[in-house]
Amino acid sequence: MRAKPRGLDRRYAEQFCDASIVEAYRARPPYPAGLDVLFIELAGGADAHILDLGCGTGELARRLAPRVRAMTAVDQSANMIAQARGLPGGDAPNTTWVVGRVEDVPLSGPFSSALAGQSFHWFDWAVLVRRLSDWLPTRRLILAERREDPSPWSEALAGLFRRFSTNKDFEPFDLVDELTARRYLTVEGRMSQRPEPFMQSIDDYVTSIHSQNGFSRQRMPAADARAFDAAVRAEVTPCARDGMLTVPVVARVVWGRVSV
């Protein structure tokens, strides 16, 4: 079995428990609302009981809960779950919030499907696919991700990321390729959206970066965080209009069956 890509081990995943990252989540671009219909259809329709893996502040769980029978949302970070409960939709009666690692948290199931929004790469795949095989009679796994498409400032920021990130082990990877190569996932379908413009203030754009692994303000030296923020602002400000950036955001959804 080939090694997992560098920079994805547990000590980096634990950064998402940091209060600074949780607070910065508010500045992340949302998943396009048009994907909700697809998520519900793939999950099993109105009678679905969805298991949200690594739910974060519950963006997808809170959006989808009113349209399904039940939602169980799990995250290792108590800070994330607390934030999710207090946001709009976080008090839905059909939503169960669970603090714990999906690899070992007690869950009974069954669930009609599992959904992972930009989180599955952090898990212990060998352990989790065995648990999903027990929990999911359909074995249906839905993987969603969003990323920033190339923009005029991308190249400059890539250099800043390499210089300032606290995750010096990171290497590029494609999650679906990694899972299929290990035969943990049989892909049944894919959908990629064209870039959608997301309007965001420069301040929020800088904050959104601090919601990512390697940029927790709690783990960056204070001087580095200030220098990084100033450098990012210098690169993006010429591209802004009235203090607002147009950020091209791309979403991808891949679904299939887990296997052990």
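**Notebook: salt bridges, cysteines, a strand residue and a helix**

Entry 1. I looked up arginine 101 and found it partly exposed, at 25% relative accessibility. I note here that the model is predicted. Arginine 101 forms a salt bridge with aspartate 104, and the closest N and O atoms of the two are 2.9 Å apart. Aspartate 104 is partly exposed too, with a relative accessible area of 47%.

Entry 2. I then asked how many salt bridges a search of the whole structure finds. The search gives 21. I looked up some of them. One joins arginine 10 to glutamate 14, with 3.3 Å between the closest N and O atoms. Arginine 10 has a relative accessibility of 38%, so I wrote it down as partly exposed. Glutamate 14, at 32%, is partly exposed as well.

Entry 3. The next salt bridge I looked up is between the side chains of arginine 147 and aspartate 149, at 3.1 Å from N to O. Are its two partners buried or exposed? Aspartate 149 counts as buried at 18% relative accessibility, because the cut-off for buried is under 20%. Arginine 147 is partly exposed at 46%. I also noted a network in which salt bridges with shared partners join Arg6, Asp9, Arg11 and Asp169.

Entry 4. The structure holds zero. The cut-off for a disulfide is 2.5 Å between the sulfur atoms. I checked accessibility for both residues. Cysteine 17 is partly exposed, with a relative accessible area of 27%, and cysteine 55 is buried, with 10%.

Entry 5. I moved on to alanine 114, in strand E4, which covers residues 113-117. Alanine 114 is buried, with a relative accessibility of 0%. Which residues is alanine 114 in contact with, leaving aside its neighbours within four places in sequence? I listed Leu51, Leu53, Leu132, Leu136, Arg140, Leu141 and Ile142. I also looked up the distance from alanine 114 to alanine 158. The two are 44 residues apart along the chain, and their C-alpha atoms are separated by 32 Å.

Entry 6. I looked at strands E2 (residues 70-75) and E3 (residues 95-99). They pair in the parallel sense, over five bridges.

Entry 7. Last, I looked at which residues of H5 are buried. They are Met80, Ile81 and Ala84. Down the axis of H5, these buried residues fall within an arc of 95 degrees, so they line one face of the helix. What do the buried residues of H5 pack against? I found helix H2 (19-24), helix H4 (59-64) and the strands E2 and E3.

Methods: Residues numbered from 1 in each chain as written. Predicted model: local features only at pLDDT ≥ 70, side-chain atom pairs only at ≥ 80, totals over all residues. Heavy atoms only, no water. Buried < 20%, exposed > 50% of the residue type's maximum accessible area, 1.4 Å probe, protein only. Salt bridge = Lys/Arg side-chain N within 4 Å of Asp/Glu carboxyl O. Helix = DSSP H or I, 4+ residues; strand = E, 2+ residues; numbered from the N terminus. Contact = heavy atoms within 4.5 Å. Pairing = 2+ DSSP bridges. Arc of directions from axis to C-beta.
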